[in-house]
Number of protein chains: 2
Amino acid sequence: MSKDDNVSSPRLTKTFDTSVFKAKAKIQDVARLAEVSLGTVSAVLNGKGRVSTATRDRVQAAIVQLNYRPDLYASNLARRNTQILGVIVSNLENPFFAETANAVEIEAERHGFQISLMATNFSPVRHRSSVERMLGARIAGLAVLTSEHDEQSRKLILASGIPSVFLDYGSPTESSATIRVDSGGGMRLAVEHLLALGHRDFLFVRNSHKGAGPPLLSHRLRDEGFAAAVQDCNVPGVHAHAIDTEGPGADAGEKAIAQALGSIRFTAAVAVTDTVAMGMYRGLQARGLSIPKDVSVVGFDNTYFCRFLHPPLTTVDIPRTELSRAVLAALLRKGESCEELSSTLATSLIVRQSTGPPNRQSKSMA
Amino acid sequence: MSKDDNVSSPRLTKTFDTSVFKAKAKIQDVARLAEVSLGTVSAVLNGKGRVSTATRDRVQAAIVQLNYRPDLYASNLARRNTQILGVIVSNLENPFFAETANAVEIEAERHGFQISLMATNFSPVRHRSSVERMLGARIAGLAVLTSEHDEQSRKLILASGIPSVFLDYGSPTESSATIRVDSGGGMRLAVEHLLALGHRDFLFVRNSHKGAGPPLLSHRLRDEGFAAAVQDCNVPGVHAHAIDTEGPGADAGEKAIAQALGSIRFTAAVAVTDTVAMGMYRGLQARGLSIPKDVSVVGFDNTYFCRFLHPPLTTVDIPRTELSRAVLAALLRKGESCEELSSTLATSLIVRQSTGPPNRQSKSMA
DNA sequence: CTGAAAGCGCTTACAG
DNA sequence: CTGAAAGCGCTTACAG
């Protein structure tokens with residue numbers, strides 16, 4: 001490069017005024033300004049190869065001066081891979097998913113990965129298109145942390161061969177791990193807690209989403225867990241009813257109570273999620289019933305708002321941190337097999353003030 | 001193309017078994033299988049140009065057979081633009097942001113755009129890096145719908161020249177619009193409602209996030225709106241105190257009540273957000289105080305859970321649908337100037353059961 | 001430690 | 001209506 005080159009071109013001179021300079025600087029511009037080759041700029045950008053300190057400084061100065069930012073599409077195309085992990089959840093408005101997505105993002109950041117987040121809103125169509133978009137985006141790994149699942153989508157993911165992890169769905173394959181939550185165990189703890197308090201008449205409330213296809217997998221697991229716990233308890237005189245209502249969680253919970261009161265005999269109500277439980281609170285309290293005096297209520301998920309309900313909600317906790325760690329481990333996969341990376345997370349019962357001994361005179365009794 | 005070409009190569013034959021075929025099909029493969037050129041495949045992919053029905057069908061069949069999905073990075077690089085809108089919010093765990101992001105996504109989908117969503121968690125550092133990532137991703141437009149703001153980041157966005165929209169921050173420029181929410185008006189409605197009920201002693205509760213830098217802009221607007229409403233009301237004997245606590249909304253609200261009770265005289269409490277109000281519920285109810293008998297409570301945002309609290313929360317509504325429409329209009333910008341695309345959204349008061357006449361004997365009075 | 005060249009998988013004029 | 005060619009902005013061997 002001749003010495004004449006350090007006379008800046010008119011174009012480069014303009015870059016000092018970023019408010020006027022619109023055209024994005026590219027790696028060429030940086031190389032020219034720093035008087036090095038493309039490869040060298042790329043090396044300092046990616047921290048690879050040996051570059052002398054002096055050169056590095058010059059390049060960095062040029063980057064700052066030009067306000068240069070590598071083009072995501074060009075670099076990912078050239079690199080043939082990304083540092084992006086895909087995360088698909090059902091519904092960001094549900095605190096459980098928001099909290100989980102957040103935990104995964106923080107965990108991913110620790111490993112130098114970014115997150116691309118999509119929500120299906122429980123729609124099978126959006127579930128499918130989310131998967132397709134993720135696959136087209138050449139993500140480094142994909143976590144499907146949804147309540148609903150789709151065998152077709154799973155096939156696409158497995159066929160792509162990228163590392164993937166499913167929540168409560170499928171079995172480990174060569175490229176895919178499955179993290180399970182011990183919903184059954186959690187339900188068992190809830191039922192045992194209520195039995196110990198003296199309850200014998202149970203209501204289980206589950207909700208479904210319109211247009212969401214088959215019942216949500218996570219809900220089915222909880223449903224079955226509840227039924228099994230009641231069945232196995234070996235306590236005489238136990239009765240349980242299940243009710244299924246449609247709509248967003250809280251609305252469904254309220255509706256379920258309206259339906260159940262007067263027709264079903266219960267002193268304890270178990271909800272499939274905290275949000276459903278919140279709606280049940282409303283249904284009960286709007287009718288002058290007291291929790292836990294008239295009805296004990298148990299939720300599921302231990303979302304942040306449980307502590308702030310009145311009374312604070314007894315619920316089953318899903319360990320967020322362990323979950324996000326397990327997801328990252330499965331996606332980043334350092335040597336272990338998917339078999340080894342699959343696991344079942346233990347749940348625990350958080351007892352707060354929404355559960356207490358039954359009141360046989362309760363107005364809730366049919 | 002010679003007729004011999006319809007003898008599939010061994011590679012193409014394997015593609016029938018997607019569970020074994022790992023290498024991603026590329027546009028070349030589709031062209032070869034359909035016996036057309038690259039350009040033709042691209043044309044049917046993007047719905048551009050005229051392609052005969054027969055050819056189109058052949059191409060489509062090949063796409064299905066090969067399970068072909070265009071590479072996002074290659075196509076965006078070649079296209080020189082994306083169909084992706086960036087959305088930055090503060091915190092997905094806050095229902096207001098989750099609901100807003102959702103509304104924007106649905107609106108964007110209607111216009112054929114996808115959303116890339118990032119959360120700052122109120123951290124100035126993450127705010128900045130989110131902006132940089134978005135800019136590197138060549139998004140078609142950027143919506144900054146955060147509570148916190150950063151002048152440096154705004155400069156970067158303006159310098160990039162991409163269409164952008166800010167919530168409650170800055171003034172319209174050539175490339176950037178500003179959507180405002182009439183927080184002051186909402187606060188005025190809340191105060192007038194409480195005054196009409198007979199309240200004279202007010203508490204205002206605001207929260208801040210640790211490590212979040214300066215007070216959140218939206219909170220300041222609400223704060224000032226409250227102060228102005230009280231100041232301007234022309235009712236004698238009105239007193240108002242403001243309290244600022246740190247932490248996530250609900251925790252902060254609970255803490256604020258603990259601090260205020262016994263030291264501040266109030267019969268009505270106004271929260272900067274619904275989440276803070278939820279914490280105040282807990283603070284009051286845990287101490288045996290009744291809402292609204294002892295204290296009336298008003299929230300802000302009208303998030304979905306307000307209806308399910310006990311009692312249902314009176315709150316200020318921010319029109320989500322109008323907000324998401326305004327955001328999309330500003331980003332997609334069909335001819336209008338940013339000046340025209342900037343607006344102030346009216347708020348309204350949703351009166352529920354958390355507000356009522358004051359009780360002069362209340363235990364909440366210091 | 002540095003530079004020139006090939007290639008990532010598409011899209012888009014352009015010429016037919 | 002279709003094909004061949006250039007180019008998007010990077011990264012990565014490769015040769016020096």
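In this predicted model, 28 residues surround DNA strand C, a residue being near a strand if its C-beta atom, placed from the backbone, lies within 6 Å of it. The closest are A:Gly39, A:Arg50, B:Ile27, B:Ser42 and B:Ala78. Residues are numbered from 1 along each chain as its sequence is written, and chains are lettered from A in the order in which they are written. Local features need pLDDT of at least 70 and side-chain atom pairs pLDDT 80 or more, whereas totals for chains, interfaces and linings use all residues.

Helices α3 (38-46) and α5 (72-79) of chain A, with α3 (38-46) and α5 (72-79) of chain B, each supply at least two residues of this surface. Helices (H or I, at least four residues) and strands (E, at least two) are DSSP runs, numbered from the N terminus. Chain A has 14 helices and 12 strands.

The C-alpha trace of chain A spans about 95 × 45 × 35 Å along its principal axes. Of its 366 residues, 48% count as buried, that is, with 20 or more other C-beta atoms within 10 Å of their own, C-beta atoms being placed from the backbone.

The largest nonpolar core holds 88 residues. Such a core is a set of buried Ala, Val, Leu, Ile, Met, Phe, Trp, Tyr and Cys residues joined through C-beta atoms within 7 Å. A:Ala271, A:Met280, B:Ala271 and B:Met280 touch the most other members. A second, separate core has 82 residues, including A:Val87, A:Leu92, B:Leu85 and B:Leu135.

Notes:
A residue is buried if 20 or more other C-beta atoms lie within 10 Å of its own, exposed if 12 or fewer, and partly exposed in between; C-beta atoms are placed from the backbone.
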